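Please find below a colleague's note on the structure shown here. It is arranged as numbered points.

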Amino acid sequence: MSNSKILANGVDVYYGSKQALFGISMDIKEKEVTALIGPSGCGKSTFLRCINRMNDLIEICKVSGSIKVDNEEIISEKTDVVSLRSKIGMVFQKPNPFPKSIFDNVAYGPTIHGLVDSKNELEEIVHSSLKKAGLFDEVKDRLNEPGTSLSGGQQQRLCIARAIAVNPEIILMDEPCSALDPIATAIIEELIDELRLNYTIIIVTHSMQQAARVSQKTCFFHLGELIETGETNKIFTNPDNTKTQDYITGRFG
Amino acid sequence: MFFWSLVLIAVGIFSSFIYGRSRINLNSKKQGTKSKSLPTYYAQYVLIWCLFPALIVYFSWAIFQEQIIQNIVISNFEYIEGAVYNEGLLLAEIRNVANNPSFADGKSIEIINAAAHYSSLRQISQISFYTSIIIIMLLGALYASQKLKPEFHAQHTIEKYIQYILIFCSSVAIFTTIGIVFSLIFESLRFFAEVSIFEFLFSTEWYPFIPIREGQTAAEGSFGAVPIFAGTFLVMVVAMCVAAPLGLLTAIYLAEYASQRVRKIVKPLLEILAGIPTIVYGFFAFVSVAPFVKAFGQSIGIDASPTSALAAGMVMGVMIIPFISSLSDDVINSVPQSLREASLGIGANKAETIKKVILPAALPGIVGAFLLAISRAIGETMIVVVAAGTAPNLTGNPFENVTTVTVQIVVALIGDQEFDNPRTLSAFALGLVLFVITLFLNIIALQIVKRYRERYE
Ligand SMILES: Nc1ncnc2c1ncn2[C@@H]1O[C@H](COP(=O)(O)OP(=O)(O)OP(=O)(O)O)[C@@H](O)[C@H]1O
Ligand SMILES: [Mg+2]
């Protein structure tokens with residue numbers, strides 16, 4: 001298909017001698033939200049971190065197979081990891097703002113990538129990113145306070161603003177709401193719904209409701225294998241595989 | 001005396017233990033009840049009561065015996081009218097004769113008498129020493145054995161005793177420190193009674209030579225310590241110029257770039273560097289680095305002296321590299337991985353991540369490491385004694401001879417000195433200054449490091 005954004009083919013991942021992913025193949029469409037679900041330890045985070053080569057940070061982790069982003073192979077020595085990562089933003093399970101001011105947190109990416117020429121431009125990017133992340137109104141009077149002084153939900157939205165400030169095309173989210181209360185979660189889910197218009201989003205979640213609410217496609221992982229992938233509606237109402245059925249009805253995991 | 005008393009005490013320990021155990025077994029069998037604690041606790045109880053009073057007697061004897069005997073001998077000495085005696089020499093002579101009768105030849109009769117008196121006192125002392133040790137041990141065991149009833153909680157009591165013993169051991173170091181501080185303060189006060197504190201702290205003339213004998217022509221000493229402080233500061237600055245960049249960059253390499261394997265090899269190697277005796281650094285500085293500095297100075301047209309702040313400072317810098325690198329490495333490592341991932345995830349490269357995220361986050365800890373290294377550099381003695389020189393020059397030129405606080409303390413104490421003149425007493429004042437400065441540096445550094453740790457844990 002023409003609008004596939006990420007195309008994974010036979011991805012194997014080893015941590016040392018232990019294999020964590022077995023031949024994962026997946027097709028992720030542009031400007032859709034794809035949810036990765038599955039029991040703990042099944043390899044969702046591992047797969048997500050393959051897409052922006054975050055697994056490079058783990059010395060013992062070896063990735064093989066093929067992942068193409070915009071038709072360009074990224075599992076290769078020659079990949080420019082820095083530009084790949086500026087194209088793919090990531091939001092982590094635990095909010096991880098830098099110990100800097102709110103403004104500097106968001107300004108970090110645009111500054112290092114030289115996206116701006118003037119102070120005004122930088123301010124504009126920071127403000128618009130904070131607006132897109134739905135945080136601007138809450139923090140507009142305190143942009144110089146440390147990012148770590150915000151509440152957990154606000155911190156997570158700050159991290160989203162930080163990620164979208166470099167204008168990525170893809171956003172990876174690894175359980176972005178697991179440290180948040182229901183209200184903050186609802187705000188973020190709403191935000192994901194809006195972001196979908198401009199970004200391709202992959203989200204790992206343990207909440208079936210969340211996956212059902214925010215995603216168009218769902219992929220079910222089990223023990224390092226991709227068991228089933230398809231329209232979210234179909235996965236949650238009429239899955240093909242009995243393991244998927246068991247998992248979403250809460251029989252295991 | 002020493003050996004046999006140890007044997008005696010060992011026998012006491014052994015037999016009191018055996019006695020305690022068989023006694024409690026006997027008692028509980030007699031009463032037909034089980035003892036509240038295991039038999040070994042009762043045995044230990046007897047042992048402690050047997051041992052510790054005996055040890056107290058032992059040590060008080062060891063400390064006071066000689067003094068008391070000497071006092072008695074001296075006070076009974078038959079002084080000859082008109083003769084002048086030096087008490088120390090006299091005592092030494094008496095002891096010599098007493099220990100070695102062949103020295104008696106040609107000695108005066110009062111000395112020989114005193115020596116005999118001394119020997120007999122020692123004999124009496126020894127006999128009473130052994131008897132009192134034995135009696136004390138028996139009394140202790142007797143007291144303890146009265147308690148050897150099955151309903152007595154020996155274990156609780158033992159635990160209490162062990163706590164006392166541990167408290168005693170840990171307080172030894174604390175009290176020693178307090179003692180040192182007080183002696184520093186008191187001796188410094190004696191110094192400041194003769195030299196004004198303002199002269200010491202603000203005047204720039206350090207000329208600590210004073211007439212030792214009456215009539216000797218020497219100028220009044222002058223004790224302005226500013227050149228010494230300046231020299232210390234200069235050497236410290238040179239050392240930090242070497243150690244701060246090298247140590248920090250080493251730490252960054254180890255924490256961020258080195259693979260696990262390299263890290264495992266390099267880190268212990270660096271720590272060995274910290275274990276080299278400083279005198280070895282000292283002669284390395286003097287033999288290898290100082291001539292090099294001199295030659296280098298000449299080649300750029302500066303007249304360098306054979307010992308210089310630069311030579312000492314550079315070697316000292318190498319010495320404190322491990323302090324900075326090891327501590328900074330720990331600090332950088334404790335910056336949460338999530339911050340690295342956040343930065344790299346945005347597409348920052350490694351250098352940007354280190355410069356803009358990791359180092360700022362680790363900065364307080366790194367400053368702490370620097371402060372500890374500075375306090376180490378200021379207190380360092382051997383390197384500067386050998387390689388910095390002793391001339392109290394007030395200069396900012398690192399090619400010149402300078403002197404430091406620690407060097408001047410050594411100089412003041414070298415030779416046979418009585419602690420009754422400002423020259424030797426100045427050592428205490430300098431020591432006090434050193435102590436106060438390093439204490440403050442350490443407190444600040446530890447405070448910074450601690451606050452930093454709390455933030456991330
Ligand atoms: N750094 C690592 N070193 C070694 N093994 C790892 C590492 N990270 C993950 N693994 C292993 O890889 C497997 C997949 O882990 P992963 O974190 O991808 O699971 P997950 O699906 O994200 O689980 P969770 O839902 O609990 O986050 C697990 O068996 C885990 O033990
Ligand atoms: Mg995970």
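This is a predicted model: local features need pLDDT of at least 70, side-chain atom pairs count only at pLDDT 80 or more; totals for chains, interfaces and linings use all residues.

1. The largest nonpolar core holds 60 residues, and B:Phe200, B:Met240, B:Met316, B:Ile320, B:Ile383 and B:Leu430 touch the most other members. Among the elements of chain B that give two or more residues to this core are helix 5 (154-194), helix 10 (309-333) and helix 15 (422-456). Apart from it lies another core, of 42 residues, including A:Val33, A:Phe103, A:Ala184 and A:Phe220.

2. Beyond its neighbours within four places in sequence, B:Met316 is in contact with B:Val235, B:Ala239, B:Ala377, B:Glu380, B:Ile383 and B:Val384.

3. A:Ser66 belongs to strand 4 (residues 61-69) of chain A. This serine counts as buried because its relative accessibility is 18%, under the 20% cut-off. Its side chain makes a polar contact of 2.8 Å with the side chain of A:Glu73.

4. Over all chains there are 22 aromatic pairs. The rings of A:Phe47 and A:Phe221 are tilted, because their planes stand at 45°, with the centres 5.8 Å apart. This pair links helix 1 and strand 9 of chain A, across 174 residues. A:Phe47 is buried at 1% relative accessible area, and A:Phe221 is buried at 0%.

5. B:Phe296 and B:Phe399 form a stacked pair, 6.4 Å centre to centre with 25° between the planes. B:Phe296, at 41% relative accessibility, is partly exposed, whereas B:Phe399, at 8%, is buried.

6. Two charged side chains sit over rings: A:Lys131 lies over A:Phe136 at 4.9 Å from the ring centre, and A:Arg162 over A:Phe98 at 4.5 Å.

Notes:
Residues are numbered from 1 along each chain as its sequence is written. Chains are lettered from A and ligands numbered from 1 in the order in which they are written. Side-chain values use heavy atoms; hydrogens and water are left out. A nonpolar core is a set of buried Ala, Val, Leu, Ile, Met, Phe, Trp, Tyr and Cys residues joined through side-chain atoms within 4.5 Å. Buried means under 20% relative accessible area, exposed over 50%, partly exposed in between (1.4 Å probe, protein chains only). Helices (H or I, at least four residues) and strands (E, at least two) are DSSP runs, numbered from the N terminus. Contact means heavy atoms within 4.5 Å. A polar contact is a pair of N or O atoms within 3.5 Å; within protein, one must be able to donate a hydrogen and the other to accept it, and residues adjacent in sequence count only if both atoms are side-chain atoms. Rings of Phe, Tyr and Trp (its six-membered ring) pair if their centres lie within 6.5 Å; planes under 30 degrees apart count as stacked, over 60 as edge-to-face and the rest as tilted. A charge sits over a ring if NZ of Lys or CZ of Arg is within 6 Å of the ring centre and within 35 degrees of the ring normal.
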